[in-house]
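Look over the sequence and the model, then read the points below.

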Amino acid sequence: MSRALCRILLTAAAFAALVVTPAHASSTQLQTFEAPRDLLDPATRPAALDQIDSLGTHALRVVLYWRSVAPSATSRTKPTVDLTDPANYAWGEYDALLAAAKDRGWPVLLTVSGPVPKWATKSRKDYVTYPSAKEFQTFMTALGRHYADQVSIWSVWNEPNHPDFLMPQYTKKGHHPVSGKTYRRLFLAAWRGLRASGNGRDPLLMGETAPRGTGKVVAPLAFLRQALCLDSSYRRARTCANLPADGYAHHSYSTREGPFFVPPNRDDVTMGVLRRLTRALDLAARAGAVRSRMPLYLDEFGVQSYPDKLLGVPLAKQAEYYAISEKLAYDNPRVLSFSQYLLRDDPKNSKGSGGGILAQSAFPGFESGLEMANGRRKPAYDGYRLPLTVTERGSRSAVIWGRVRPATAATSVTIQYRDKGGWRTLRTLQTAANGTFATSAERRDGRRWRVLWTAPDGTAHHGASTRAYPKV
């Protein structure tokens, strides 16, 4: 057995173990990275993987769209081939990306999603309306057979509460949510398909929900209740069995107001109100709809920044808000994975995927990358490698928390501060084995903070600077 294969098997085993033991998740919380444009392009893939590696992330989330690989995807006529046979699909650059991840020993969280082949929908008129659960089960069988040793954890459907990926979301008459019922059938089909492929013991996630409801997007908790056959009081219908999910995936994007934003709709779940989701899952478990203490996977997340001034924040705030969000996830023992969505921003006027938060603007894609679309690095690039939060504690003191993301063992890190002049050293300390550190310091109005770290190869790095925030 090759050294690379041994490494990925050990990493995958540790990744799968996270599903079983959510207690003290922060000590082993997995960080995933998603950069579809860069990673699915053979011209940019090697450099992008090297960048992600240098930033200290060694796991990927990949969204595989059924329509992109299916035979005769644009036809209304189902092809007359064995659709459980992986040889009848055009896997394209997905094969190359998953093989590259395997060569590096990186686990992959694979989200299988619509849009779907036209022939796999009820009316065969589009690519998202009433996908066939029977055909999805067949596809998942082929998928499981093809990527059996290259996927560490599976997840069903990207943002199924969003009309870009699943329709209908609401009934035409009365405007009642309906997508959760369709999703339930799709999830069970995926579970059966993986079992048929011989991967029935692999971890399987449900959810993948967008964070906020609108007139077109179903709010995540309303969607969750419908998918689990629960009424508004979390009482389960007797005709519904529990769903065999190993975890719940969610896209906890916030708004330009920051990670502490509290949505007025109590069925919405953004970064600052994760307890709404854990409480809902606990009530669902009490009703017998899911397993108890269901872990969370925040497998798509990012902070929108300028140049999109409608949805984004100034560049310095992007780095600060991401670090705060990571600390919120780190402190939550139910969160088993956190993520970064995009290495580079979507080009202007492109259509991004994920989040369910986009509006009509000059930038309908995502500006949550660590680099701008032209490759220019934002402060968030250095901030991602060395995230830092400073929390006010009273009028004169502050608590400092941070991480050396590339660290694989305890390492030395220096905390600096600046008032009006240049940077001054507060202290140098040792991190924990996972690169995290914490200390306290005097706080002054207007003071900013940053981290200095020297990599084993002698390269000196500094993180983005941050100010103190009232709470983290």
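At 1% relative accessibility, Y384 counts as buried (under 20% relative accessible area; exposed is over 50%, partly exposed in between; 1.4 Å probe, protein chains only). This is a predicted model: local features need pLDDT of at least 70, side-chain atom pairs need 80 or more, and totals for chains, interfaces and linings use all residues. Residues are numbered from 1 along each chain as its sequence is written, and side-chain values use heavy atoms, without hydrogens and water.

**Ring pairs**
- Rings of Phe, Tyr and Trp (its six-membered ring) pair if their centres lie within 6.5 Å; planes under 30 degrees apart are stacked, over 60 edge-to-face, the rest tilted.
- The count by this rule is 21 aromatic pairs.
- F33 and Y384 have ring centres 5.6 Å apart and planes at 85 degrees, so they pair edge-to-face.
- F33 lies in strand β1 (residues 30-34) and Y384 in helix α11 (residues 379-385), so this pair ties together parts 351 residues apart in sequence.
- Helices (H or I, at least four residues) and strands (E, at least two) are DSSP runs, numbered from the N terminus.
- F33, at 1% relative accessibility, also counts as buried.
- Ring pairs link F33, Y253, F301, Y322, F338, Y341, F366 and Y384 into a cluster.

**Helix α6**
- The 14 residues of α6 (residues 133-146) should span 20 Å at 1.5 Å a residue, and the end C-alpha atoms are 20 Å apart, which agrees.
- The expected span is 1.5 Å times one less than the number of residues.
- Its buried residues include F136, F139 and L143.
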